[in-house]
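Trainee: I have a structure open and I'd like to learn how to read it. Can you take me through a few features?

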Amino acid sequence: MMPFGDKLREECGVFGIRTAGAGAAAYVHLGLYALQHRGQESAGIATFDGAKTHLVRDMGLVGTSFTPERLAGLPGAVGIGHVRYSTMGSVTLENAQPFMEQTPWGVLALAHNGNLINAPALRRELEAAGHCFRATSDTEVITKLIATSRAETLEEAIARCMRRISGAYTVVAMAGDRLLAFRDANGIRPLALGQLGRAAVFASESCAFDQIGGEYVREVGPGELLVADAAGLRSIQVLPVVRRAACVFEYIYFARPDTTLADQNVHQVRRRMGRLLAREHPAAADVVIAVPDSGTSAALGYSDHSGLPCEIGLIKNRYVGRTFIQPDPSSRDLGVRIKLNPIRDVIAGRRIVLIDDSIVRGTTSHQIVRMLRHAGAREVHVRISSPPILNACYYGIDTSSRGELVASRLTVEEIRRSIEADTLGYLSHGGLVEALAMPEHELCLACLNGRYPTETPTEVMAGRRALEARRV
Ligand code: SF4
């Protein structure tokens, strides 16, 4: 089996709701469908029915993890859910979320998106104090820190936990009929507050509110803890916001185009990126086509500015999973051919501007360029709606190691040659920041410029198996 694709991998999606009546699980289930793009390895839902906390977790997609019978076994008015792509800990059911733990304030169920850079040290400390761990994910460290706290209240236990953990985290949790949401002081990964009638809802992306018929209200602020209970919704600013650092790749690639992040629609931001890309790197060409789906918005923007027509030139097979068996290992282009097919009538004899959001290893870009040439393209001008990725991410995105990033090894001209494009142009840092319409100091650009918003992590501290290596 080989993995398909040459993309950064999303990390996780979280969802939580406190309804006025029962039936939280149905909303969580729908919300997770909207967040499926953020993680396809496992899915889980926990609910509280007024007396007992219920949990269902399984490997795989939301659609296959929850049968009607399983959903019927999740009664209650409060619920949280999670979809996972692992960035710390193996792909096993024991690492699937939500995590549950008995606490002085009832059973705590917790779901996390992000990556802690000090999880190994905290886990060592907890183990030395006699606490046992069942899994190898940093989420269990958060759960244990709260559950073993000597604080008088749950809110104070969470606040103490937030002061100890470092890195990227957006968390939804419930304890009894209380629904809670909190976010790291830099606000690296997204988390939004929504409402459905009088019900409080939290989700990684606002598209999940649309899915359930709810509305986006605002972002959960960096360092903020929000608590929804019988008394209503209240906010506690636990951590001072020294520096906000929203992940730019949420805008470039991860988030769904119909999501609102920090009050901006993601599709519109991507379209601006495409316009600025056309301004910075024009091309003498006949037609603009996108690598579906991630390049679509930027391709429209490129077309806006350049005046070139934007057409559908590549069709994506939506039913190919992340892995497949390759019958002929010598067929280097098979991976792309299974996933994408060119429309020859659009491509043959024309000069193509090919828009994609990023190049990670460069293998897929090379295969797509070859595919277009085989379909008769006269020229292929590759345009990328982000700057080159030079550094690893330690905040919940699987960028692999720095050595695998083609831009950390090759110049832009060398990359152009390696992917066999006629020309290659990346959006500049200035263009990216202009398209985002946010102050640069409020963005995380670490994988592009090496300036990490937290203490500088190391691969040992933050690796995907950082909590497993210690077990041997
Ligand atoms: S390093 Fe890159 S991918 Fe990671 S949080 Fe920062 S901007 Fe996002």
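Predicted model: local features only at pLDDT ≥ 70, side-chain atom pairs only at ≥ 80, totals over all residues.

Trainee: Is strand β9 buried or exposed?

Mentor: First, the terms. Helices (H or I, at least four residues) and strands (E, at least two) are DSSP runs, numbered from the N terminus. A residue is buried if 20 or more other C-beta atoms, placed from the backbone, lie within 10 Å of its own, exposed if 12 or fewer, and partly exposed in between. In β9 (residues 178–183), six of its six residues are buried.

Trainee: Which residues point which way from β9?

Mentor: In a regular strand the side chains alternate between the two faces of the sheet. Here R178, L180 and F182 point one way, while L179, A181 and R183 point the other.

Trainee: What does β9 pair with?

Mentor: Two strands pair if DSSP finds at least two bridges between them. β9 pairs antiparallel with β8 (residues 167–175) over six bridges, and four bridges join β9 to β13 (residues 224–229), also antiparallel.

Trainee: In what order do the strands of the open sheet run?

Mentor: The order is β19-β18-β23-β24-β25, with parallel pairing. β19 (310–311) and β25 (423–426) are the edge strands, each pairing on one side only. Four bridges join β24 (residues 379–384) to β25, and I384 stands opposite Y426.

Trainee: Which strands does helix α13 lie across?

Mentor: Contact means C-beta atoms, placed from the backbone, within 7 Å. Axes are lines fitted to C-alpha atoms, for helices over the stretch in contact, and angles run from 0 to 180 degrees between N-to-C directions. Helix α13 (residues 363–374) lies across β23 and β24, at about 150° to β24.

Trainee: Which residues surround the ligand?

Mentor: A residue counts as near if its C-beta atom, placed from the backbone, lies within 6 Å of the molecule. Among those surrounding the ligand are C247, F249, C393, C444 and C447. By class, the shell has eleven nonpolar, no polar and no charged residues.

Notes
Residues numbered from 1 in each chain as written. Contact = placed C-beta atoms within 7 Å. Nonpolar A, V, L, I, M, F, W, Y, C, P; charged D, E, K, R; others polar.
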